[in-house]
Amino acid sequence: MSSDELIWRIAGGSGDGIDSTSQNFAKALMRSGLDVFTHRHYPSRIRGGHTYVEIRAADHEVQSRGDGYNFLLALGDSFARNPQEEAYYGNEEIKPLSENLDDLREGGIIVYDEGLIGEEDVADIDLEARAEENNWHVFPMDLRGLAREHGREVMRNTAGVGVTAALLEMDLDHIEDLMSDAMGGDVLESNLEILHEAYDTVAEEYDFDHDLRAPEGSHETEQALLSGSNAIAYGAIDAGCRFIAGYPMTPWTDVFTILSQNFPDMGGVSEQVEDEIAAAALAVGASHAGAKAMSGSSGGGFALMSEPLGLAEMTETPIVLVESMRAGPSTGMPTKPEQGDLEFVLYTSQGDSSRVVFAPGNIEEAYDQTRLAFKIAWDYQIPTIIIYDQKLSGENTNVDVEFFDREPEPDLGSTMTEEELREAAHDASGKFKRFNYDDAEKGVSPRSLPGQQGGRFLATGNEHSPVGHISEDPDNRVFQMDRRLEKLDHIREELTEEHASNQTTFGDETAEYGIITWGSSQGAVAEAVERLNGNGYAVKGLSVSDMMPFPEAEVTDFLESVDEAMVVEMNATAQFRGLIQKELGRFGDKMTSLLKYNGNPFEPAEIVEGYEVNLEGEDRQPSAQVRIEPAAGD
Amino acid sequence: MSAFNAIGEEREIDRDEFTPGIEPQPTWCPGCGDFGVLKALKQALPEVGKTPEEVLTVTGIGCSGKLNSYLDTYGFHTIHGRSLPVARAAKLANTDLEVIAAGGDGDGYGIGGNHFIHSARENHDMTYIVFNNEIFGLTKGQTSPTSPKGHKSKTQPSGSAKTPLRPLSLSLNAGASYIARTAAVNPNQAKEIIKEAIEHDGFAHIDFLTQCPTWNKDARQYVPYIDVQESDDYDFDVTDRREAAEMMHETEDVLNEGTVLTGRYYVDDDRPSYQQEKAAVGEMPDEPLAERYFDDDAEWERSYDLLERHT
Ligand SMILES: Cc1ncc(C[n+]2csc(CCOP(=O)(O)OP(=O)(O)O)c2C)c(N)n1
Ligand code: SF4
């Protein structure tokens, strides 16, 4: 017997190894042939605080977290169990059991660590009554005791996995393999003992009548489990990026770390510097000297980058910046996702500035659009920004390994060789006309690099003449400005002609109701649309990735083809809807917004409900956590 | 074949090569100390065998920031206070370039102070020239971090309540491995110091006293100056941190009393540059990173090779 989908939630204190345990378990599920999707919820502190990871696994494609979940492994928190620890960490009470019950589906399974979660706790929340009411199957197990007996207390995660596998009637093979990959010696021995003991105890001592079993599936090709941050880092590597500068800030740190760890083996350079102004300025300096360079940050750090971003625009120095959003304003909620920095990223920096902004919506898009970001930046000598969020950054999904089997593209775009420079235009003084507007193609005048013969020029953040000297000549100003702005039109054209797939559509093509979204909300919207169509509605979806230049034609076609549209995004001020209205100058009365900004990403059911409320024209909000912002006239 | 043939080119170099053709002519005020820096650089560069095209000058904003508009090398005129991070990265990306950063005291010790401290700390192999005129020039005479206490300006009309920053001591404490002070009025010394700084492997900081006759009228014109290496009154070991520190303190004290001491203050030839330190821990490529993009035989690792850990 197997079930349609398993959504396993492991909950406890952060710093307890919940992350690595769930990562391995997700991989084991993937290796058993299932599609998986992980969702991480954690507080902004190093140890303690309530945290959970959800793994959704099914025999079909999963694009989002599920609605609720069906298996809870509630571990106790490991800290503050002696006065010294308490003095250090505080003794905030962690309730891995009670905190998690609201989302547990009917018929779900609960395993909790009796060794740490006492009878009083269980009585306090009246677990028995609630279990009966919801038909939950509850298994108290002394995981701590079991772990202690064979090894160390922290290994109770392993005991939990063993119990899970037994209850779901899963093989232990994949789990064992992964354990042997990750550790060795005594540690491995103890863990394996604990795993088996836990498994056997359940198998021998319990009769169970729950319906949930691990789904069965198979993959035709090899799969890899990775996060959006992995995909961005790997896209950068394959685009020939070999220079990164940064300053840590959650969640951008993930990309920064992955590249820093890989670059030494690839002849790349990684720099952790004094602040984000420096970080982006380093990317500019390295690119100026001939490296494919990137930097990035999250909201607050990106704010500091607005200066060097403008410098890159004015000097036409290609760079790629990553903006990994978290909830704001200011320091906001460091570990919670939000799509609240869109306007900031589009318009930050002074003057009529322009840049290219991509907002990938899933792991594959994150990889593809990162490659594209480098290509566009180096071809057009313009900064490109990849905007994504804590959700896409941290969630892990399986992707076909072959998807990544592509040639690297270390090409420096519109950079000249010395031979080409010899043929290029020079002015009377012998200087290279780096910023020539006479024969610029698509707004681009090819560049030289310091150290090249015959390419001498001055780059300056001031308005400048063709050779790069500061100039306030009105004619020159207009020529240069127009040339720089002209690039955007050609980039738009190129994106439409060659990379139309940047925008994703799904659902029923003929539907007269559309749901529009951007970035990481894509998965939940796609699932919601699928479900709505399954429920007899006719709905279609559009997920937009190109934020600047804006895909006018595609969005216009979509909006014209529907009577009504709902724009789904994770922020409170409907920033993406605002962008559509600004760019297209109409459709304000066609679009309603569904907004969520409580720090948790959308679940598909919330979008389904939002649609229904909206469709029926009800005068109510769908839930306490999700808000509808009605349509506005043009 | 290198993609950067101008680098390491050996030939007789005329200092006029560093002067741009017809335009632009310096827009500095008559008598401005900035002319002295420009002149000293133009003399020093050919003498150390540098061609204009292998040199990258990176400047900040201010009158001083216009240095590379009048000096014909590869140049990057950046934004206020940010010359150092741009310059550092250019050097990391192409270690064969001769990188010289320059800017004013407001630019380098004020808005860019954080970058100054960390560039010195890391001992990047580059030269950093600070045009120290004890004033904001370009924005018309406001008090700068090195303006004397009590200095009156339109933004501090009752006289500055702030003690001036001590650039030499700061630089030493931050970690620069070559530190000197020179003055525009002393062209021969300035040229020699710039040559040494360029040849030094590490962060070479030159606090370059430049007079601003327009906004700092009653301020020192830095004459007469005393060369601490030439004078019998000052005997200290430039390679000794403590002795150098002592000497810097004295120099910074007496400047406020009107005595101008110049010369080399600290030279540490033993300390590896940042690039060398980074190479030693295996985080710096053997060849200049920038070269690799032009190398047809370069092997580019792919992310595909990294996927094993994810399967
Ligand atoms: C971010 C920023 N803040 C302020 C300015 C205005 N500004 C231009 S030059 C300058 C001061 C320059 O003083 P200093 O660095 O001592 O150079 P000097 O002109 O004396 O050579 C200021 C404040 C600016 N361009 N950018
Ligand atoms: S204002 Fe002062 S620093 Fe600027 S050019 Fe004139 S004299 Fe020189």
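Visitor: What counts as a polar contact here?
Guide: A polar contact is a pair of N or O atoms within 3.5 Å; within protein, one must be able to donate a hydrogen and the other to accept it, and residues adjacent in sequence count only if both atoms are side-chain atoms.

Visitor: And what sort of model is this?
Guide: It is a predicted model, in which local features need pLDDT of at least 70 and side-chain atom pairs count only at pLDDT 80 or more, while totals for chains, interfaces and linings use all residues. Residues are numbered from 1 along each chain as its sequence is written, chains are lettered from A and ligands numbered from 1 in the order in which they are written, and side-chain values use heavy atoms, with hydrogens and water left out.

Visitor: OK, what does the side chain of A:Glu606 reach?
Guide: The side chain of A:Glu606 reaches the backbone nitrogen of A:Glu603 at 2.9 Å. A:Glu606 itself sits in helix H22 of chain A, residues 604–615 (helices, H or I of at least four residues, and strands, E of at least two, are DSSP runs numbered from the N terminus).

Visitor: Is A:Glu606 buried or exposed?
Guide: With a relative accessible area of 16%, A:Glu606 is buried (under 20%; exposed is over 50% and partly exposed in between, with a 1.4 Å probe and protein chains only).

Visitor: Switching topic: which residues come nearest to ligand 1?
Guide: Of the 17 residues around ligand 1, the nearest are B:Cys63, B:Ser64, B:Gly106, B:Asp107 and B:Gly137, where a residue is near if one of its heavy atoms lies within 4 Å. Residues from chains A and B surround ligand 1, so the site is shared between chains.

Visitor: Which helix gives the largest share of that shell?
Guide: That is helix H3 of chain B, residues 105–111, which contributes four residues to the shell around ligand 1.

Visitor: And which protein atoms lie at polar distances from ligand 1's oxygens?
Guide: On the backbone side, an N or O atom of B:Cys63 lies 2.8 Å from an oxygen atom of ligand 1, and a polar backbone atom of B:Asp107 is 2.7 Å from an oxygen atom of the ligand. From a side chain, a polar atom of B:Asn133 lies 3.0 Å from an oxygen atom of ligand 1.

Visitor: How do the classes divide around ligand 1, and around ligand 2?
Guide: The shell around ligand 1 has six nonpolar, eight polar and three charged residues, whereas the shell around ligand 2 has seven nonpolar, two polar and no charged residues. Here Ala, Val, Leu, Ile, Met, Phe, Trp, Tyr, Cys and Pro count as nonpolar, Asp, Glu, Lys and Arg as charged, and the others, Gly among them, as polar.

Visitor: Which residues surround ligand 2?
Guide: Ligand 2 is surrounded by B:Trp28, B:Cys29, B:Cys32, B:Cys63, B:Asn133, B:Cys212, B:Pro213, B:Thr214 and B:Trp215.

Visitor: Why is helix H2 of chain B called largely enclosed?
Guide: In H2, residues 83–93 of chain B, 11 of the 11 residues are buried, so the helix is largely enclosed by the rest of the structure. The buried residues include B:Arg88 and B:Lys91, as well as B:Leu84 and B:Val86.

Visitor: Last one, how many helices and strands has chain A?
Guide: Chain A has 22 helices and 22 strands. Its C-alpha atoms fill a box of roughly 90 × 60 × 50 Å along the principal axes, and 62% of the 634 residues of chain A count as buried.
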